[in-house]
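Work through the exercises below with the sequence and the 3D structure at hand. Each task is followed by a solution in steps.

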Amino acid sequence: MSTPDPLVVGALSDVLYPPASRHLHVHWRKLVGTAAFAHPEGLSHQERVHRSYRLLHEVNESLADVEGFAADAEQLAAMHEWTAPVDGGLTTVAGIHYNLFLGSVLDLAPDRDLTEFIDLRRTGTFLCTELAHGNNAARLETTATHDPATGGFVLHTPHRGAAKFMPNTGPEGGAKSGLVAARLLVDGEDHGVHLFLVPLRDDQGLRPGVSVEALPETLTSPVDHCVTGFDQVRLPASALLGAFPSGRSAGTGRQRFLRAIGRVTPGKLCMSACGVGVAKTAVTIAMRHAHSRHTADLTPGSTVTLFEHRAHQTRLIDAVATTYAATALHRYAVRRWVEATPEDRPEAERLVAITKGWTTWRGRAVAIECRERCGARGVFRAGGFGDPMANLEGTITAEGDNLVIWAKAAGELALGWRPPADSPAPQDMADPGHLRRLLVGIERSWQRRAARRLRDRAAPSPLSRWNNAVNPALELVDAHAHRLAADALLAMADEASRPARALLRDVHRLFALRRIAAHDGLLLTAGLLTAEQADTLPDLIDDTIADLAPHALALVEAFGVPVAGLPH
Ligand SMILES: Cc1cc2nc3c(=O)[nH]c(=O)nc-3n(C[C@H](O)[C@H](O)[C@H](O)COP(=O)(O)OP(=O)(O)OC[C@H]3O[C@@H](n4cnc5c(N)ncnc54)[C@H](O)[C@@H]3O)c2cc1C
């Protein structure tokens, strides 16, 4: 295997892990490289669940400031980026403990004493979804009835459909408390969904009135997912996070619900980080394998590496381009969220949702491609793709199902998206400014179609009008995500020092050309592409692949992912 130029690797690494946040990545990279995180062969499902909680203690002990960590979306995301490819069970329980649980308490009731959670003598969980209410959890039915005699509440699951579904409330991990999303009833009036801090189990077992039923094993990372119910559980007044409603609740309904589950936005950034982490790991494994395994040359008797076959090479280089684009988009979304002002929070939130959908879907596609490129060696859990792939499935559904959050963004963009200002770039397919113009052209085209259908008053009901518009509107979201990813990738190239700049511009070119080629008919119709230009696209793409091929190893080594190597 040829050795990549360390200067190029260093320059790429500098933009993938910029100096301001590099220490975060160095911390997690070091931790997941320790013996405690090494692949455990032969563990049962149950033993793997136990192991994830054991690793949670390793994570906790590595943190200098647990509250500071839980309060900071960038730090949380960095942890997910490095742990997701290694132990998805750990990533799940850690994300819930630090972000959904501790983060929500810090946001809504910052004066609480959190010592036992900070020391991890108790694990925090988050109970929102119900059996009958998944993506429509705003309609959840668990009740917390105010008791005027004590000032406290009575938490109750009125029927099986209102039982909490999926949270990690099993016996593994020891003592646990949960933030339970419940409808607050005061004098018979519904004050909307609030969070209640509820002790669920102590070291001796479940608290009275709490029932927990283990769910079957999943195809995702092993976690103690359960169905959890409450039978007239008495809670003190202090269980309510936030202020007791006075008079008519401000923001009852959806607004109230969104405030209670505010931590799902940083949670989406964490899921996005998992997509990035898994993609980086998958493409590193496959690229190293492609450069070390030999196969037949077309000349009898001689051999070449897998990578020397263009068919193999193209798929891996495309996976590299997608992974760089996903990393750039993810970093951009994290910064936008962390720096958002109250005025541009809604837009930043939409960006986070779009990014979550794009990076987790793309991360999964990269992992599947890379597994296939490693043949049978790719199917092993040790050093292979079994865990990273399983670890991504949950991220696609949790913290906002990708399709549902994209559908929300689709509705907003269909009528609200404005094209960015065009640059004076020449109509040259080698010019990044022109490639951007074409990517914006794809967005514009889908938006026109979506907006036209959304404004069609002939539809017999709001649902049928929405159904007419949703598919082009979802294409718009996808086009928007691609263009933002390309912009972020180009910005990364512009920031890179000389040895990496030209290389990253080629990565950007490949990424943009692929997208343009997939929509050439649409761009031809819009008059943005000539027939001649469309005809050159396959050649331009192959030329860019050939330009990138000698640097493919450098591009993946810059990720700095600790991988053990495939079984031989
Ligand atoms: C690994 C994992 C961990 C989890 N951990 C927790 C946890 O700790 N706490 C917790 O409260 N919950 C947790 N969940 C639950 C999670 O939040 C829900 O699974 C999620 O909200 C989706 O709900 P659902 O599974 O009931 O799917 P449903 O809402 O039934 O959706 C099923 C399908 O229908 C589609 N769909 C639904 N509505 C629409 C729509 N309006 N338009 C178009 N398509 C639609 C979805 O895209 C999806 O394909 C976890 C889930 C997973 C996978």
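**Exercise 1.** Which residues of strand 3 are on one side and which on the other, and are they buried or exposed?

*Before the solution.* This is a predicted model, in which local features need pLDDT of at least 70 and side-chain atom pairs count only at pLDDT 80 or more, while totals for chains, interfaces and linings use all residues. Residues are numbered from 1 along each chain as its sequence is written, and side-chain values use heavy atoms, with hydrogens and water left out.

*Solution.* 
Step 1. Locate strand 3 at residues 153-156. Helices (H or I, at least four residues) and strands (E, at least two) are DSSP runs, numbered from the N terminus.
Step 2. Sort the residues by side: Phe153 and Leu155 lie on one, Val154 and His156 on the other.
Step 3. Apply the classes: buried is under 20% relative accessible area, exposed is over 50%, and partly exposed is in between (1.4 Å probe, protein chains only). Phe153, Val154, Leu155 and His156 are all buried, and both faces of strand 3 are covered.

**Exercise 2.** Find the strands that pair with strand 3, given that two strands pair if DSSP finds at least two bridges between them.

*Solution.* 
Step 1. Strand 2 (residues 143-146) runs antiparallel to strand 3 and is joined to it by 4 bridges. Here His146 has Phe153 as its bridge partner.
Step 2. Look at the hairpin that strand 2 and strand 3 form: 6 residues separate the strands, and Gly151 has a positive phi near 80 degrees.
Step 3. Strand 10 (residues 233-235) is also antiparallel to strand 3, with 3 bridges. Val233 of strand 10 stands opposite Leu155.

**Exercise 3.** Where do Glu532 and Thr536 lie, and how is each classed by relative accessibility?

*Solution.* 
Step 1. Glu532 belongs to helix 18 (residues 531-548), and Thr536 has its place in helix 18 too.
Step 2. Glu532 is exposed because its relative accessible area is 67%. Thr536 is partly exposed because its relative accessibility is 34%.
Step 3. Follow Thr536 to Ile317: the two are 219 residues apart along the chain, and their C-alpha atoms are separated by 20 Å.

**Exercise 4.** Where is Gly262?

*Solution.* 
Step 1. Gly262 is in the loop between helix 8 (254-260) and helix 9 (264-292).
Step 2. Gly262 is partly exposed because its relative accessible area is 32%.
Step 3. From Gly262 to Gly560 there are 298 residues in sequence and 33 Å in space, C-alpha to C-alpha.

Conventions
Pairing = 2+ DSSP bridges.
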